[in-house]
Amino acid sequence: MPAISSDKHSLLIRSRQPWHSMPGELFGRQDVFDTDVDVFFYRHWILVGVSADVPEPGDVSTIDIGKASILIVRDDDEQIRAFRNTCRHRGARLKEPGKSTVGMLVCPYHQWTYDLGGALRHTTHMGKDFDAGCRALRPVHLKEVGGLVFVCLADEAPADVALLEQTMAARLAPYGLARAKIAHEAEIIENGNWKLVMENNRECYHCAGTHPELTTSFLAEDFGFCPDGLSEEAQQSVQAYHAKVAASVADWESQGLICAPVEALGPDVATLFRTQRLVMAGHGESQTMDTKVASQKPLGDFPRRDLGDTHLWTHSSWSHVMSDHAVVSYLIPLGPDRTLVRTKWLVHAEAVEGVDYQVDQLTSVWKATNAQDASLVAISQQGTQDPGYVPGPLSRYTETYIEGFAKWYEARLAAHGV
Amino acid sequence: MEPLADTGRLAQAATWEQLGVDWPAGQEQTLVCCRVVAETHDVRSFHFRREDGAPLRFEPGQYITLALEIAGQRLARCYTVSSPPTRPFTFSITVKRVPGGPVSNWLHDHLQPGGRLQATGPAGSFTPTAHPAHKLLYLSAGSGITPLMSMLRASLDLGESMDLVFVHSARTPADIVFREELAALARLSEGLRVIAVCEALGDERSWPAPLGRLSLALLRQQVPDFLERAVFACGPEGYMRAAQALLAEAGHAPERYHQESFNIGTGPGGPDAPDAPDAPAEPASQPAGTGFTVRLAKSQKSFTVAPTQSLLAAVRQSGTAIASSCQQGVCGSCKTMLLDGAVRMAHQGGIRQREIDKGWRLLCCSYPQTDVVLDL
């Protein structure tokens, strides 16, 4: 029997039976991981933060992704720019990961000094004829979309980001996220492959059994359910769900609030995303334990608190924007079985902690949910690496987005020659 | 921009790069003294060659840094090269004996032909390169004449046609450094005019010009077209403040004003030399300000700093290690918390207003206005 571990990455993904989970090697092998980072994190648009990471000119946010590192800076003209975090002299890292404030970007090694437009402004000992003009920091494609920051490390970035930009700019504009502040940030390292983290995020099959806090506000029905064998109580719940969604959408749309889902998830797109204004349960105001707003100061100039949850998926992030706050989560792959998940909670810039909001109340739902998901991802990683693992069937009701993700993943590998 | 005419080569870095061998500013070399010339009663020129015989590459106006060990203490001083780069095999520095200054006195008392000392390579940005101009006005006072002398000698050696007025201030006629050479050069060169401004007669019987200081009236009378001239100025801080102010008052374009400042005792051409003061440099022109006390909170050091000295230079002189690079307020390497007191700071983007608001300062471009306490 040939050693399956010698199979090529492309063979592994093509060997997947439709509507079945992926072969375990796609979650465990280092070479697969390296290719994944190259294709999905260096050659696609990825969400790497929010405008509020760099609220003022001179602020720098440094993000490491694999061997690459990116400086995200706000220049004096208030524009956010991104550069490769490597000095144009002998390549030293300019900044450690994390946030800082600078006048200029100064290399710690020989003090080559760059302004926040990337231009090399000062060197010593390079002689009068040294041409600093061709030693600017290397720029990285960056798009600020309604307060979310996307970058692309490829020389030529996928052009279909335009649809995401156009779609989300209109939906996010009323929330003024670009001017919001970060009320809290959290990082967890999940012990699983990044694709398992994403698959877990793309289904709510597991929600009922795992996420009591999230499902207080989140309607699992949004992401599919099987009508067969539902209890009478569950059937009533489904009817109530349909009625509530229809009423809310009619109400919002009458006020000009965009609700309809937009899905760019197919194998033909480079820039994967999905958005929709989702109805929430209970009071329907916010993803909190009591489904009411966590911050008394709304993000935008809203007359009402129940604006639903405008969610956004990309291939490495998930965000929820509500009337009072936004939760933005994105992942950074660290290794075949390790994934960093970074979450930021945004509130109005003038909301005061302890007065307008309590951090616990603001963050408790997604802190609990992320921790629960981390456990699920860890057991998925362990199980799929077990020699006894055999890929199993997906639910055609609740796991259609996992099937779609697998197809997109295969198509994007193929598009990049894998 | 002035027409390049044939002053082009003086202002081109390439002119100087074809002469001599590269001597990186940080690298130490042994110099051999080959001549000592008394210029005035308290100013001497020391001529050197490199021990390895290599010719010196530099730009007129740059300085070298002497590293001396005097009474067991290692001292460094910056001195402008007063000779021109067109004569690269020997080169000179011109040093005024400063009362109480350990280095200048040691040089005057001990350095003889054959003497050896250590130095690091040419540095400094007060040079004509990148500032092409056909009509020039050199302003200098005291031993601030040295970089301008190097530029003048270099221009003449290049055979460039010139339109230069050289206005030099001295206490008395006997204090005019290079007095005879300047007079001879003015006789030989059609485009060169030398005007000496003396405060007092001294031992001189007579002086063919009014006594006094550099003034707008004097400039208007002696150099009526001074507004059209690019100005290079070097002298003590007080002198240069006055020169800059009177030019600004007259409407001279600031982008055509270039100056070298030298801190007290570090010698002309040596901004921010990392060592102890050689004592007040130019008593005649130095403003009467006394100085402020700087206290370093962590190292518990305390010392006096003149309002004209950068805090970076002063901190270094105290023997305290501090990082720096550009020394012009760009890179931010010397950012330090000011715990108490007030400074005047003229940075160039190396620090943010909100950092300033929190108490951070760039010491390289900060000058004390009161007693200060630094978090060092």
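1. Start with a pocket. The second largest pocket has a lining of 17 residues, and A:Ser21, A:Leu196, A:Glu199, A:Glu203 and A:Ser380 lie nearest its centre. Its space comes to about 400 Å³. Keep in mind that this is a predicted model.

2. Which helices build that lining? Helix 5 (194–201) and helix 8 (359–384) of chain A each supply at least two residues of it. Helix 8 of chain A gives the largest share, 4 residues. The idea behind such a search is simple. Rolling a probe the size of a water molecule over the atoms shows where empty space is left.

3. Next, the packing. The largest nonpolar core holds 100 residues. Which of them touch the most other members? They are A:Phe41, A:Ile65, A:Ile72, A:Leu177 and A:Tyr409. Helix 3 of chain A, residues 30–42, gives the most to this core, with 7 residues.

4. A:Tyr409 deserves a look of its own. Leaving aside residues up to four places away in sequence, A:Tyr409 touches A:His9, A:Ile13, A:Met22, A:Leu26, A:Val32, A:Asp36, A:Phe40, A:Trp194 and A:Lys195. There is also a second, separate core of 25 residues. Among its members are B:Leu136, B:Leu152, B:Val177 and B:Ala230.

5. Now the strands of chain B. Strand 7 (residues 135–141) and strand 8 of chain B pair in the parallel sense, over 7 bridges. One bridge joins B:Leu136 to B:Leu164, the latter in strand 8 of chain B. B:Leu136 is also a member of the second core. Is strand 8 of chain B mostly covered or uncovered? Strand 8 of chain B, residues 163–170, is mostly covered, with 7 of its 8 residues buried.

6. Chain A has an open sheet of 3 strands, in the order 6-7-8, with antiparallel pairing. Strand 6 (105–106) and strand 8 (120–122) of chain A each have a single partner strand, so they stand at the edges and one side of each lacks a neighbour in the sheet. Strand 7 of chain A, residues 113–114, pairs with strand 8 of chain A over 2 bridges, in the antiparallel sense. A:Thr113 has A:His122, in strand 8 of chain A, as its bridge partner. As background, strands of a sheet pair through backbone hydrogen bonds, either parallel or antiparallel.

7. How many disulfides does the structure hold? Over all chains there is 1. A:Cys204 and A:Cys207 form a disulfide, with 1.9 Å between their sulfur atoms. In general, a disulfide is a covalent bond between the sulfur atoms of two cysteines. The torsion about the S-S bond of A:Cys204 and A:Cys207 is about -105°, so this disulfide is left-handed.

8. Are these two cysteines buried or exposed? A:Cys204 has 11% relative accessibility and counts as buried, because the cut-off is under 20%. A:Cys207 is buried too, with a relative accessible area of 3%.

9. B:Cys34 is in no disulfide, and the nearest cysteine sulfur, that of B:Cys33, is 6.3 Å away. B:Cys34 is partly exposed, with a relative accessible area of 29%. B:Cys334 is in no disulfide either. Its nearest cysteine sulfur belongs to B:Cys364, at 3.8 Å.

Conventions. Residues numbered from 1 in each chain as written. Chains lettered and ligands numbered in written order. Predicted model: local features only at pLDDT ≥ 70, side-chain atom pairs only at ≥ 80, totals over all residues. Heavy atoms only, no water. Core = buried A, V, L, I, M, F, W, Y, C linked by side-chain atoms within 4.5 Å. Buried < 20%, exposed > 50% of the residue type's maximum accessible area, 1.4 Å probe, protein only. Contact = heavy atoms within 4.5 Å. Pairing = 2+ DSSP bridges. Disulfide = S-S within 2.5 Å. 1 Å grid on protein atoms, 1.4 Å probe; cavity = no way out; pocket = protein on both sides within 12 Å on 5 of 7 lines; lining within 4 Å. Points joined across faces, edges and corners; volume = space filled by probe spheres on them.
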